[in-house]
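Hi,

Here is the structure I promised to pass on. Have a look first, and then read my notes below.

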Amino acid sequence: MWQQQTSIAGKTQPTKNVVMTIHGLNKSFGNNQVLKDLSLTLDKGENLVVLGKSGSGKSVLIKCIIGLLEPDSGSIEVLGEDITMLDHEALDKLRAKIGFLFQSNALYDSMTVRENLEFPLRRHWIQVTQEEVNGMVQEALEDVGLAHTMDMMPAELSGGMQKRIALARTLILKPEIILYDEPTAGLDPITGREIIDLIMHIREKYGASALIISHDMNCVRLTSDRVIVLFDGRPYAEGTFQTLAGATDPQVKQFFQ
Ligand SMILES: Nc1ncnc2c1ncn2[C@@H]1O[C@H](COP(=O)(O)OP(=O)(O)OP(=O)(O)O)[C@@H](O)[C@H]1O
């Protein structure tokens, strides 16, 4: 296993600032063992990027974290609660603290931008007045620079704008952790850069922790505090972008060339 000076991939060192601890996670589909004894931690306010070849299990990892897939074994402790042990109601409550930016955006085509943003508030039974809802929608849209689109339909917006609306919908619940699944995939470099800037702005404003899955090395370079390279279902290497970019290990090097 390739190592860098300060940490060894796969071994976690919990501190009081940890918001997520994954320990010994295994997930198979038939004979295909996708995640193998995977352990990692996410610190408060940290942007952690998970990098890996197509099919290395990045999406499976995210789905396990939000409870869409059940791991075969291992624990996923999020904000002090092991999600693998929670019942449906408790999991739903915890999910309200975890924002998820889907690669597909997952906006509702038949709803206006405002209705899309109001949806998570209703979905999680958040008790607020209509005036408060209006303020929350306005703030989330201002965060992504799209307050003027409130009464538009998603189909009237460009791909980059839809991504920003999806991000605003994630922000409305002020999540403590945000999971970004390929946030710049399919966007041109300029629009991709706008999303990268937003990810950094959101971290600055809300101090949320982020787990970011990305192949876009510009996104990885600009957003990451720490990078984990997944290989063969396990964290293979871990370090800052700069450290890993200087690696001579072929499995690591291929991403940075
Ligand atoms: N629901 C499922 N049923 C069976 N196999 C699955 C399922 N979901 C994922 N897999 C398998 O798990 C492996 C990892 O898939 P995953 O989507 O996590 O890869 P990835 O690293 O996110 O790839 P990409 O970068 O292309 O999105 C693949 O071999 C995939 O076929």
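**Around the ligand**

The shell around the ligand divides into three nonpolar residues, seven polar and one charged. Keep in mind that this is a predicted model. The residues in that shell are Phe 29, Asn 32, Val 34, Gly 52, Ser 54, Gly 55, Ser 56, Gly 57, Lys 58, Ser 59 and Val 60. Two elements give two or more residues each: strand E2 (32-43) and helix H1 (58-65). H1 provides the largest share, with three residues.

**The annotated domain**

The UniProt record, an unreviewed entry, lists residues 20-257 as "domain: ABC transporter". Over that stretch the chain is 38% helix and 26% strand, and its end C-alpha atoms lie 31 Å apart.

**Helix H4 and what covers it**

H4 runs over residues 130-143.

Which residues of H4 are buried? They are Met 136, Val 137, Ala 140 and Leu 141. Because these cover an arc of only 125° around the axis, they sit on the same side of H4. On the face turned away from the buried side you will find the exposed residues Glu 131, Glu 132, Gly 135 and Glu 142.

The cover over the buried residues of H4 includes helix H3 (113-123) and helix H5 (159-171). H3 has buried residues too, namely Val 113, Asn 116, Leu 117, Glu 118 and Pro 120, and these pack against H4 and H5.

Leu 101 belongs to strand E6 (residues 98-101). Is it buried or exposed? Leu 101 has 23 other C-beta atoms within 10 Å, and 20 or more count as buried, so Leu 101 is buried. Leaving out residues up to four places away in sequence, Leu 101 touches Ala 166, Leu 167, Thr 170, Ile 178, Tyr 180, Asp 181 and Pro 183. Gln 254, by contrast, is 153 residues from Leu 101 in sequence and 27 Å from it in space, C-alpha to C-alpha.

Cheers

Notes:
Residues numbered from 1 in each chain as written. Predicted model: local features only at pLDDT ≥ 70, side-chain atom pairs only at ≥ 80, totals over all residues. Near = placed C-beta within 6 Å. Helix = DSSP H or I, 4+ residues; strand = E, 2+ residues; numbered from the N terminus. Nonpolar A, V, L, I, M, F, W, Y, C, P; charged D, E, K, R; others polar. Expected span 1.5 Å × (residues − 1). Buried ≥ 20, exposed ≤ 12 C-beta atoms within 10 Å, placed from the backbone. Arc of directions from axis to C-beta. Contact = placed C-beta atoms within 7 Å. UniProt positions renumbered as here; feature names shortened; annotations may be inferred.
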